[in-house]
Amino acid sequence: MKPSLSIFTVLCTLWLTPAAADEPLGSNLTGLLDYAREHNPELAALRLDAEAAQQRAEPASALPDPVLRTQRYDITSQATNMIPNVMPIQSYQLSQFVPWFGKRDLQRGIATAQIEQANGQTAADWSDLANQLKTDYAMSYYLAASEHLTQETLDLLDNLEQIVRERYANGLSSQQDVVRVQIETTTLLGELIGIQNERHHEHAKLNSLLSRPVNAALAEPVQPRPLPPAASLDEDTLLERLRAHNPQLQIADAQIQSADKSRDLAYSNRYPGFTLGVGRTQYTSINTWDVMVEFSIPLQQSVRRSQEHEAEAMLAAASARKQSTLNQAESSLSENLSALESARRTDTLITTRLLPQSELTYQSALAGYQTGKVDFATLIDAQRQILQARQQQLKAQLEGQSRLADIEKLLGEEL
């Protein structure tokens, strides 16, 4: 039987998109995936496990080595001297054990199922690793964007502080306004420290996934992946792709196949195997040829019945596990699709409505404050509203990227 194409190879082909050679590691997701695929030691170990499983297929159905037996009779020569023309002197016997018909094919089928299971496990672990990389890359982008946003807001507060100080110097505002803007600045500086700390942790996590030193340099993420168009997210279509390509379901299918062959093998143990032999016996004056057949008598039927019941139970358990895995995967896919659509709609709402409205509110408050028609608290609230809207937008984008990664993990391939 020709080995089937490794699931891992298929996934690599699907995921492999060339990145520009001059793009530093960390600036884009493709480069991270390519690096992890090549350097992750756990993934390399799984590939070797799959290769080892493939090498077990041939021996599984091979016949055992034949046995050659030779025997020298009457080495004291006493009986030979008494009956010189009758007693045998030397014998040779070649024997071969042959299992019952079909057992070797069943053993090969079990080994082939184990190959599929090993390939499925490799694909599943790669899906897990790719999912973590996609999620952590999205988090790195979110944190980098949050740091830039916080720094921009600090620059804006610096400008506000200059305006407030000028108005205070001219007696147009109170000292409380100066203190208020300084408090806002200090609060944001504290948030900036927290963001920078989270970026350090995320940097270390990414390097760990890439099997690099935790402090090794990584470029700042340039941009998140574009979300797939809504037309490509039809739930029924994706459910079909999930059933066909989900790595955990492929592992479950391989386990069912192995359990099915093991059950058939247990039933075939009701019948004995044979040992066939041919021999030559040398006498003092003549030589004779002999044939031999040997087989076990299957008397221990209670033992065999227990083995058969065990095999039936294992097959039923494998089928139940697959159904449970399928139910969980389908539920998770539906949940992630809904959350992805919600994140997309939230991002669109903030971009097209909330941010423009917040910008207009701030500009109006700033003009009103400069003319003395609006108090400083209103201006600060308007500025904070812009910051919150942009933070909500980043969170919606992060949620969309995380949900997209989870959907692709369930599908076993990229959208």
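These legends describe close-up views of a predicted model. Local features need pLDDT of at least 70, side-chain atom pairs count only at pLDDT 80 or more, and totals for chains, interfaces and linings use all residues. Residues are numbered from 1 along each chain as its sequence is written, and side-chain values use heavy atoms, with hydrogens and water left out.

**View 1. Lys-409 and Asp-128 pair across the chain.** Side chains of opposite charge can pair when their charged atoms come close. Here a salt bridge joins Lys-409 and Asp-128, at 3.0 Å from N to O. The term means a side-chain nitrogen of Lys or Arg within 4 Å of a carboxyl oxygen of Asp or Glu. Lys-409 belongs to helix H11 (residues 376-411) and Asp-128 to helix H6 (residues 103-169), so the bridge ties together parts 281 residues apart in sequence. Helices (H or I, at least four residues) and strands (E, at least two) are DSSP runs, numbered from the N terminus. Lys-409 is partly exposed at 35% relative accessibility. Asp-128 is partly exposed too, at 27%. Buried means under 20% relative accessible area, exposed over 50%, and partly exposed in between (1.4 Å probe, protein chains only). The whole structure holds 25 salt bridges.

**View 2. Arg-225 takes part in a salt-bridge network.** Arg-225 bridges to Glu-408, with the closest N and O atoms 3.1 Å apart. This pair links distant parts of the chain: Arg-225 sits in the loop between helix H7 (175-209) and H8, Glu-408 in helix H11, 183 residues apart. Arg-225 is buried at 17% relative accessible area. Glu-408 is buried at 2%. Arg-225 also meets Glu-414 in a salt bridge of 3.9 Å, N to O. Glu-414 lies in the segment after H11 and Arg-225 in the loop between H7 and H8, so this pair ties together parts 189 residues apart in sequence. Glu-414 is partly exposed, at 24%. Through shared partners, salt bridges join Lys-134, Arg-225, Glu-408 and Glu-414 into one network.

**View 3. Helices H8 and H9 pack at an angle.** Two packed helices are described by the angle between their axes and the distance between the axes. H8 (residues 235-245) and H9 (residues 247-268) pack at about 45°, with axes 6 Å apart. That makes H8 oblique to H9. Axes are lines fitted to C-alpha atoms, for helices over the stretch in contact, and angles run from 0 to 180 degrees between N-to-C directions. Angles under 35 degrees count as roughly parallel, over 145 as roughly antiparallel, 65 to 115 as roughly perpendicular and the rest as oblique. From H8, Leu-242, Arg-243, Ala-244 and His-245 meet Pro-247, Leu-249 and Gln-250 of H9. Contact means heavy atoms within 4.5 Å.

**View 4. Ser-95 is buried in strand E2.** The strand covers residues 88-98. Ser-95 has a relative accessible area of 12%. Not counting residues up to four places away in sequence, Ser-95 touches Pro-66, Val-67, Thr-275, Leu-276, Gly-277 and Met-292.

**View 5. Asn-40 sits in the loop between two helices.** These are H2 (29-39) and H3 (41-55). Asn-40 is buried, with a relative accessible area of 9%. Leaving aside neighbours within four places in sequence, Asn-40 is in contact with Tyr-35, Leu-129, Leu-209 and Ser-211. Asn-40 and Arg-212 are 172 residues apart in sequence, yet 9.2 Å apart in space, C-alpha to C-alpha.
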